[in-house]
Amino acid sequence: MPTSIRLAPEIEERLDFLAAKTGRSKAYYLRELIERGLEDVEDYYLAAEVLERIRRGEEDVVKNEDFWRGLDA
């Protein structure tokens with residue numbers, strides 16, 4: 001899927017430099033960054049969403065002692 005993004009000039013310069021030094025395309029490195037970074041971004045935003053539900057009282061929370069006791073059974 002073709003996608004277009006606007007990069008800050010200093011980021012684009014770094015990407016250009018890396019591509020020139022390694023002989024790989026900028027698209028290669030952008031794909032790598034997205035594939036490797038997407039999991040971290042998903043973890044962060046999904047965890048933040050759950051935290052907000054906990055703060056609003058919409059999500060059940062298990063006490064530490066109850067969690068570990070449940071694993072013994």
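Tyr44 is exposed at 54% relative accessibility, and Tyr45, with a relative accessible area of 53%, is likewise exposed (buried means under 20% relative accessible area, exposed over 50% and partly exposed in between, with a 1.4 Å probe and protein chains only). The structure is a predicted model, in which local features need pLDDT of at least 70 and side-chain atom pairs count only at pLDDT 80 or more, whereas totals for chains, interfaces and linings use all residues. Residues are numbered from 1 along each chain as its sequence is written, and side-chain values use heavy atoms, with hydrogens and water left out.

Three aromatic pairs are found in a search of the whole structure (rings of Phe, Tyr and Trp, the last by its six-membered ring, pair if their centres lie within 6.5 Å, and planes under 30 degrees apart count as stacked, over 60 as edge-to-face and the rest as tilted). One of them joins Tyr44 and Tyr45 in an edge-to-face arrangement, at 5.0 Å centre to centre and 90° between the planes. The pair of Phe67 and Trp68 is edge-to-face because the ring centres are 5.1 Å apart and the planes stand at 80°; Phe67 is partly exposed, its relative accessible area being 45%.

The largest pocket has a volume of about 330 Å³ (a pocket is an open set of points on a 1 Å grid over the protein atoms alone, where a 1.4 Å probe fits, with protein on both sides within 12 Å along at least five of seven lines, and lining residues have an atom within 4 Å of a point; the volume is the space filled by probe spheres set on the points, which are joined across faces, edges and corners). Of its 13 lining residues, Thr3, Ser4, Ile5, Leu30 and Ile34 are the closest to the centre. The helix α2 (26-55) and α1 (9-22) each supply at least two residues of this lining, with α2 giving the most, five residues (helices are DSSP runs of H or I with at least four residues, numbered from the N terminus).
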